[in-house]
Structures are given as C-alpha cells and as structure tokens.
Amino acid sequence: MSHVIAAVSTGPGVSAIGILRLSGEGCARVAGQVFRPKSGRPLEEAPNRKLILGTLLDEGGRVLDQCMAVYTRGPHSYTGEDTVELHCHGSPPVLAAGLEALYRAGALPARRGEFTKRAFLNGQMDLTQAEAVIDLIEAETADAAANAAGQVGGALVRRLEPIYHSLTDLCSHFHAVLDYPDEDIEDFRLPAYLGTLEAARETLDRLLATAARGRILRQGIRAVILGKPNVGKSSLLNALAGFRRVIVTEIPGTTRDTVEESVLLGGLRLRLVDTAGIRDTGDEIEAMGVARSLEAAREAELALFVCDGSRPLSGEDWEAIEAAKAAPHALCLVNKADLPQAVDFAALPFDTVLPISAKEGTGLEALTAALGAIFGTETPCDGSILTNARQTGAVARARDAVSRTIEGLAAGLTPDALLTDVEEALEAMGELSGRTVREDITNRIFERFCVGK
C-alpha cells in the first residue's frame with residue numbers, strides 16, 4: 001500500500017480550480033519532478049501544510065500552469081500517509097497533462113475510493129466515517145449533508161462504543177474467571193449484567209428506529225401524483241419543480257407516460273412521478289400510460305391524489321383514490337382552489353386534505369408542513385442516523401443477539417451458552433465500524449467512490 005497513487009480529485013469539466021492529489025511514501029519526490037517551486041527549494045523540503053507557489057510541467061518539461069502545492073506529512077494527513085496536492089487552474093487538458101506527467105514520474109493511477117480506503121486501513125477513520133464521506137459528497141439536502149458530516153466526525157460509532165465496551169467487559173470477565181480459577185477474581189454472575197444488556201438493547205432499538213429517516217436522507221421519497229385527466233397533476237409538478245417540466249394543455253390525456261422529476265420541498269427530496277390520468281380509454285397508447293400510472297402507485301412510498309375542486313367527484317376520481325390509498329402514505333390535494341368549489345372535503349377518505357392552486361402556486365406551504373409531519377423532519381440530523389442497508393443490518397443483528405441473551409438469561413441458560421450470543425453482537429458491531437469487516441465488503445463500499453477520493 002506504500003506505492004504512490006495520483007488522481008484528479010476535483011470534478012470533471014472546466015472549473016476555477018482543479019486539484020491533482022498524490023498519496024504514499026515518496027509522493028513529494030514524484031510530485032517534485034513535475035512541480036517546480038518558485039523558491040527554488042525542492043518540494044520535499046517544503047514546510048508542512050503550507051501552500052507554495054510554483055509551475056506545473058508536462059512530461060517534456062514544458063510549463064503547463066502556474067499553480068500552488070501543499071505537502072502534508074503523514075500520519076497527520078487525510079490518508080495517514082505523506083500526501084501532496086497540486087492546486088491548478090481547472091482546465092481539463094492541463095489536469096490531464098499534469099496527471100500523465102505524474103504517471104511518467106512513477107505514480108500509479110488511483111482506483112475508485114483509494115484515498116479514503118487508505119485512510120480507513122491506516123486507522124484515520126472507521127468504516128462508518130468512510131461511508132459518510134461519499135454520503136456527504138452525494139448529499140442532496142442540507143439535512144443529508146449535516147448527518148453525513150456528523151458521521152464523518154464519528155457520531156455513529158461514539159453512540160455504539162459504550163455498548164461495545166460494556167459487552168467486551170462482560171465477556172472478558174467470564175473468560176478471566178474460567179481461565180484463571182485460582183486468581184482472586186470476582187465470581188462471574190451473569191444476572192448482574194442484566195441492566196447492561198437491557199441498556200444495550202434499548203440503545204440499539206433507538207438506533208434502528210432511525211433507519212427509515214436515513215433512507216429518506218440518502219434516497220429521497222418516491223412519490224406519485226395520481227388523478228383523472230385534466231385535474232392539474234402536471235401543473236402541480238411544474239409548480240413544485242419551479243419550471244415547466246411537463247407540457248400542460250386543456251386537452252385531457254396530454255400526459256401519456258410517467259414523467260419523473262426530483263424536487264426539494266421543505267428539506268425533503270421528493271422523487272416525483274407525474275402519471276397519465278386514470279380513466280377508461282380506447283386509445284392504446286393512453287391505456288399503456290394508465291397501466292404505468294397504476295404500477296407507479298404500487299411502487300411509491302407516497303401518493304398525492306389530485307382532484308379538481310371546481311367539479312364534483314366522478315367515478316374516475318374514485319378509481320384514482322383507490323390507487324392512491326394503496327401507497328404506504330397518501331394525502332389529497334384539492335386543486336383549483338382559485339375557482340368556486342364543488343367538492344365535499346368531508347367525503348374524501350384521506351387523513352390530510354389540502355386545498356391548493358397549482359396555477360397560482362398557493363397551498364404548497366401546507367403541503368410542505370404535512371410531508372414534514374408524515375416523514376419526521378424534526379429528527380436531529382447529527383450523524384447518529386443509520387443511512388444504509390449495511391449499517392442497518394449490522395445493528396439489527398447486534399440487537400437480535402442481545403435480545404436472545406436477555407431471553408436466555410430469563411430461561412436460566414448457562415453463561416457459556418449465552419455468551420455465544422454476546423460475542424455475535426460484538427461481531428456485528430465490529431462489522432459496523434470495520435473492526436471485523438470482510439475485505440469483499442470494504443471493496444464494495446469504496447467502489448461507490450469516484451477516482452480521486
């Protein structure tokens with residue numbers, strides 16, 4: 001792992017600044033072959049963590065750019081190794097030529113996520129912190145970024161460390177008594193640890209309860225807009241998106257296929273799907289669109305039923321209502337509130353019924369508040385929210401193992417039998433932090449990263 005790796009660590013395309021990143025023993029020597037400090041001193045002698053001015057050269061010695069370099073000596077660096085960053089102007093040809101020169105000087109191309117993987121392997125971060133790095137990069141809301149930043153800071157593992165240590169103490173006490181019977185060690189009595197086990201289960205239960213919120217933070221909410229033709233479904237999508245994403249006309253059946261758009265509403269990311277109006281039709285293409293609407297409703301987590309408040313409900317409205325009620329969460333939006341109303345709100349079978357005008361853009365604040373109430377946006381995004389299936393699975397296995405220990409204790413099982421479950425809980429928590437995780441799992445995690453991170 002000591003070989004020098006190099007990559008462009010900034011995004012593709014033209015930008016104000018582009019960064020060439022190197023890590024590994026001897027990276028300053030490699031970078032010094034393509035970067036000439038203006039001071040004339042070798043890069044290897046540069047002060048630690050201080051930007052210095054110089055020129056970037058291509059493999060033929062031609063000047064490519066006037067740039068800055070910073071040399072950070074390990075172990076106090078991101079990767080735990082010596083690192084160098086060359087801060088150039090963000091011209092893709094300049095960065096490509098500079099990177100090629102670094103390869104010619106002896107650096108190897110960095111693989112996806114290799115810088116962060118080295119940080120994990122060198123003990124600079126645990127596995128939850130490493131996963132949070134990519135979550136932070138990909139965050140689409142302020143809450144998602146805040147939770148990822150908290151995890152980068154170690155909030156999740158800090159919440160579990162007391163449990164890990166208390167269960168470790170329990171196991172070590174038992175084995176000490178078993179292995180050293182002649183020593184003056186307090187007798188092992190498992191019932192004395194009941195409070196420890198119950199506290200561990202309670203903490204793990206609370207943590208598991210955050211998984212749904214974590215999934216929403218990372219993936220958003222898949223939401224479908226349902227209703228009969230010409231009630232304003234596409235107008236609603238356009239209003240929420242803030243631009244004319246979908247063609248809107250007075251002709252019923254304009255939308256004949258599902259149309260998707262991601263919108264941010266009150267800190268929640270909605271993966272909105274506009275659908276063809278639900279009705280019986282002899283048009284084969286429109287019928288295919290209606291079928292896709294019903295399929296989208298079955299797959300959605302949230303259904304927004306839209307009706308025309310200026311007209312009484314029809315059979316087609318009730319067909320759309322039936323489809324909407326099949327979703328885990330559904331609410332009703334009575335559109336065209338700017339017109340005289342003909343719909344009896346009390347007759348609508350929804351817990352939440354909101355008058356809106358997609359045309360005027362009114363009522364959307366109430367929709368934002370309703371979604372916040374449904375999906376719990378008040379949960380603190382401090383880094384202690386589980387955000388992926390791997391984390392959730394590890395915590396669930398630990399919780400189940402602790403629960404079996406408590407149940408076995410009540411049933412009068414012997415300590416050696418019960419400690420098998422305690423050790424399984426420790427193994428699961430070790431997988432969460434990376435203490436005991438398998439190599440194939442770590443490889444899969446870092447493959448999510450881009451090259452250069």
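Predicted model: local features only at pLDDT ≥ 70, side-chain atom pairs only at ≥ 80, totals over all residues.
Residues are numbered from 1 along each chain as its sequence is written. Local features need pLDDT of at least 70 and side-chain atom pairs pLDDT 80 or more, while totals for chains, interfaces and linings use all residues, and side-chain values use heavy atoms, without hydrogens and water.

Reader: Hello! In what order do the seven strands of the open sheet stand?

Author: Strands here are DSSP runs of E with at least two residues, and helices are runs of H or I with at least four, numbered from the N terminus. Two strands pair if DSSP finds at least two bridges between them. The pairing in this open sheet is mixed, and the order is β3-β4-β5-β6-β2-β1-β7.

Reader: Which strands stand at the edges of that sheet?

Author: An edge strand here has a single partner strand, so one side of it is left without a neighbour in the sheet. That applies to β3 (35-37) and β7 (108-109).

Reader: Which residue of β7 is the bridge partner of A6?

Author: Strand β1 (residues 5-8) and β7 run parallel, joined by two bridges. Within β7, the partner of A6 is P109.

Reader: At about what angle to β1 does helix α3 run?

Author: Axes are lines fitted to C-alpha atoms, for helices over the stretch in contact (heavy atoms within 4.5 Å). Angles run from 0 to 180 degrees between N-to-C directions. Helix α3 (residues 114-121) lies across β1, β2 and β7, and its angle to β1 is about 135°.

Reader: Which residues have the most contacts inside the largest nonpolar core?

Author: Such a core is a set of buried Ala, Val, Leu, Ile, Met, Phe, Trp, Tyr and Cys residues joined through side-chain atoms within 4.5 Å. Buried means under 20% relative accessible area, exposed over 50%, and partly exposed in between (1.4 Å probe, protein chains only). Helices α6 (155-179), α7 (194-208), α13 (389-411) and α14 (415-433) each supply at least two residues of this core. The core has 31 residues, and those with the most contacts inside it are L167, V402 and M429.

Reader: How many residues of strand β11 are buried?

Author: In a regular strand the side chains alternate between the two faces of the sheet. In β11 (residues 302-308), L302, L304, V306 and D308 are buried on one side, and A303, F305 and C307 on the other. The count of buried residues is seven of seven.

Reader: Is Q129 buried or exposed?

Author: Q129 is found in helix α4 (residues 127-138). Leaving aside neighbours within four places in sequence, Q129 is in contact with Q151, V152, G153 and G154. Its relative accessibility is 13%, so Q129 counts as buried.

Reader: Which residue's backbone oxygen does the side chain of Q124 reach?

Author: Q124 lies in the loop between α3 and α4 and is partly exposed, with a relative accessible area of 35%. Not counting residues up to four places away in sequence, Q124 touches several residues, including S77, Y78 and T79. The side chain of Q124 comes to 3.2 Å from the backbone oxygen of P75.

Conventions
Polar contact = N/O pair within 3.5 Å; in protein donor to acceptor, adjacent residues only side chain to side chain.
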